[in-house]
Amino acid sequence: MPTSKTPRIAIAIMAAGKGTRLQSKYPKVLHEVGGKPLLAHVVAVATSIVAAKDVYAIVGHEAELVRKAVEHTGINFVLQAEQRGTGHALMVARDALAPYDQVLVLSGDAPLITAETIRRLSDFHSDKKAAMTLLSAELSHPTGYGRIVRKSPKSDEVRAIVEEKAANPTQKEIGEINSGFYAFAVKALYARIGELKTDNTHREYYLTDMASVFTKAKSKVIALKTGNAAEILGSNTRAEMMEIDALVRMAKCRQIMAAGASIFFPQTCVIDADVEVGTDTIIEPFVQLLGKTRVGNDCRIRSYSVIHNSEVGDGVTVRPGSILDDARIGSNAVIGPYSHLRPGSEIGEGAHVGNFVETKNVKVGRGSKANHLTYLGDAQIGAGVNVGAGTITCNYDGVHKHKTEIGDNVFVGSDSTLVAPVKIGKGAYIGAASCITDDVPGDALAIGRARQTTKEGWARTKREAMAATKK
Ligand code: UD1
Ligand code: CA
């Protein structure tokens, strides 16, 4: 039950910076780790702590792009048109944050932070009645981070945060760093934020300087040290970002394995955050499972397959080198090797789609087979159909796409071209190498090819004639 004592809490996510160190035309917070933009990870943590309406992303560089990437979450945006530092980011958010008691400040480029740690930071801040509480961590390589100068080694209280560029040699020895996550008492913050100065190498307003501003004013600044230093990592360079990506991916693999699937050489697999995998499924090395892919139980996904936004039923085998994009695979189907299932491919239970077969916008019925060198596009294929090697649905006349319909138990001989729109009735046979341009009734045999002519002895005569000219 909220009482009058429950603090009204907002979360501000600093996401306006350019990310100069990435050498990119895209804003830093839209670079991806674990298959999602950095900012999307941070927004997910924020909205698990407070309601989306209490989350404010401070955007500036490429603000519209950044907004588009996360606006579906329902959070708010504050525009920091000019990026004059992390302190300035909070200055522009003053009106938005004024109605709250406490603001938790997160960094849009540090996606590993957990909700649990942020809640602890918030509670610690409330319990100690501090003006500013920062999350710190002990790093063996603290270079680049702001260092925490405590009032005394045992004290919770902080005197100042010294940025790398301003630190003297003794301060550079300090292993306790500023993580860039803070809790502030909103009233205290905005009473004193005007005292920030830009007398530093970047000529920016540093939010970190609020520590010394408050210390001078005799307001309480404290630090909470996290035991899990990995969760505060920021991505200032591409190399740092890829280290974070590896951590996110490995955590995802561990989660999938804990839920009962095996992943061989997980460090070679790329599995996005929202992917689900059932029990007793085996994922071989160098597999990518991307987007909203769901793989059922008892499947085997063999090496070098890339599966994006697809649903794979139970007991499915995906043989090596297959590409699935927006496809649905029924239980016990066998796909590959080297199949390319493009959007709208629905493969029925127990069906086989094999070597060098491309499908698009097609329904393949239960138990049907298309095992070799085939293109099936814009087609409806019944159950128990055999599609011979080299079959092509000619679905495109240069302007429009047309449909091919194949009834149950049809046998399509090898190397047939089915010129759509065309229907082949149940149980019909198509002779090999046919070009089918007219509908075929059920149970009929259709042959559409030139008749074979055989000229007895022709080759021998030809050989002899050629040999005679050589002499
Ligand atoms: C900051 C801290 C540093 C800390 C480190 C932890 C400052 C001055 N320093 O440094 O003490 O150790 O984080 O990772 O705060 N941003 C804006 N508007 C701006 C500038 C930045 O929204 O005007 C955003 C950036 O997009 C980024 C975040 O603030 O998401 C942090 O900025 P960044 O430049 O990465 O700060 P650091 O140099 O990492
Ligand atoms: Ca940073």
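Buried means under 20% relative accessible area, exposed means over 50%, and partly exposed lies in between. The model discussed here is predicted.

Q: Why is Asp-326 called partly exposed?
A: Its relative accessibility is 39%.

Q: What makes phi of Asp-326 stand out?
A: The angle is near 50°. That is a positive value in a residue other than glycine.

Q: What is phi of Asp-298?
A: Phi of Asp-298 is near 55°, and here too the value is positive in a residue other than glycine. Asp-298 belongs to the loop between strand 17 (294-295) and strand 18 (300-301).

Q: Why does Asp-298 count as partly exposed?
A: Asp-298 has 49% relative accessibility. Exposed would need over 50%.

Q: Why is Arg-150 called buried?
A: Its relative accessibility is 18%. The cut-off for buried is under 20%. Arg-150 therefore counts as buried. Its place is in strand 8 (residues 147-150).

Q: How do you know that a polar contact joins the side chains of Arg-150 and Glu-176?
A: The contact is 2.6 Å. A polar contact needs a pair of N or O atoms within 3.5 Å, with one able to donate a hydrogen and the other to accept it. The pair of Arg-150 and Glu-176 therefore qualifies.

Q: Which backbone oxygen does the side chain of Arg-150 reach?
A: The side chain reaches the backbone oxygen of Ser-155, at 2.9 Å.

Q: How do you know which residues come nearest to ligand 1?
A: A residue is near a molecule if one of its heavy atoms lies within 4 Å of it. There are 23 residues around ligand 1. Those that come nearest are Gln-80, Gly-85, Thr-86, Glu-163 and Asn-178.

Q: How much of ligand 1 does the protein bury?
A: Taken alone, ligand 1 exposes 760 Å². The protein buries 89% of that.

Q: Which pocket does ligand 1 take?
A: The space taken by ligand 1 is the largest pocket.

Q: Which elements give two or more residues to the shell around ligand 1?
A: They are strand 1 (9-15), helix 3 (86-92) and strand 10 (176-185).

Q: How do the residues of the shell around ligand 1 divide?
A: There are 6 nonpolar, 12 polar and 5 charged residues.

Q: Why is Thr-404 called buried?
A: Its relative accessibility is 0%. Buried needs under 20%. Thr-404 therefore counts as buried. The residue is in strand 31 (residues 404-406).

Q: Why is Thr-208 buried, whereas Thr-198 is partly exposed?
A: Thr-208 has 5% relative accessibility and counts as buried. Thr-198 has a relative accessible area of 25%. The line for buried is drawn at under 20%. Thr-198 therefore is partly exposed. Thr-198 lies in the loop between helix 7 (186-192) and helix 8 (210-216). Thr-208 also lies in the loop between helix 7 and helix 8.

Q: What makes Gly-74 partly exposed?
A: Its relative accessibility is 43%. Partly exposed ends where exposed begins, at over 50%. Gly-74 therefore counts as partly exposed. Gly-74 is placed in the loop between helix 2 (63-70) and strand 5 (76-79).

Q: What is omega for the peptide bonds from Gly-336 to Pro-337 and from Ala-420 to Pro-421?
A: Omega is near 0° from Gly-336 to Pro-337, and this bond is cis. The bond from Ala-420 to Pro-421 is also cis, with omega near 0°. Pro-337 sits in the loop between strand 24 (334-335) and strand 25 (340-341). Pro-421 sits in the loop between strand 33 (417-419) and strand 34 (422-424).

Methods
Residues are numbered from 1 along each chain as its sequence is written. Chains are lettered from A and ligands numbered from 1 in the order in which they are written. This is a predicted model: local features need pLDDT of at least 70, side-chain atom pairs count only at pLDDT 80 or more; totals for chains, interfaces and linings use all residues. Side-chain values use heavy atoms; hydrogens and water are left out. Accessible areas come from the Shrake-Rupley method with a 1.4 Å probe; for residues, only the protein chains shown count as cover. On a 1 Å grid over the protein atoms alone, a cavity is a set of points where a 1.4 Å probe fits but cannot get out, and a pocket is an open set with protein on both sides within 12 Å along at least five of seven lines; lining residues have an atom within 4 Å of a point. A molecule sits in a cavity or pocket if more than half of its atoms lie within 2 Å of its grid points. Helices (H or I, at least four residues) and strands (E, at least two) are DSSP runs, numbered from the N terminus. Ala, Val, Leu, Ile, Met, Phe, Trp, Tyr, Cys and Pro count as nonpolar, Asp, Glu, Lys and Arg as charged, and the others, Gly among them, as polar. Buried means under 20% relative accessible area, exposed over 50%, partly exposed in between (1.4 Å probe, protein chains only).
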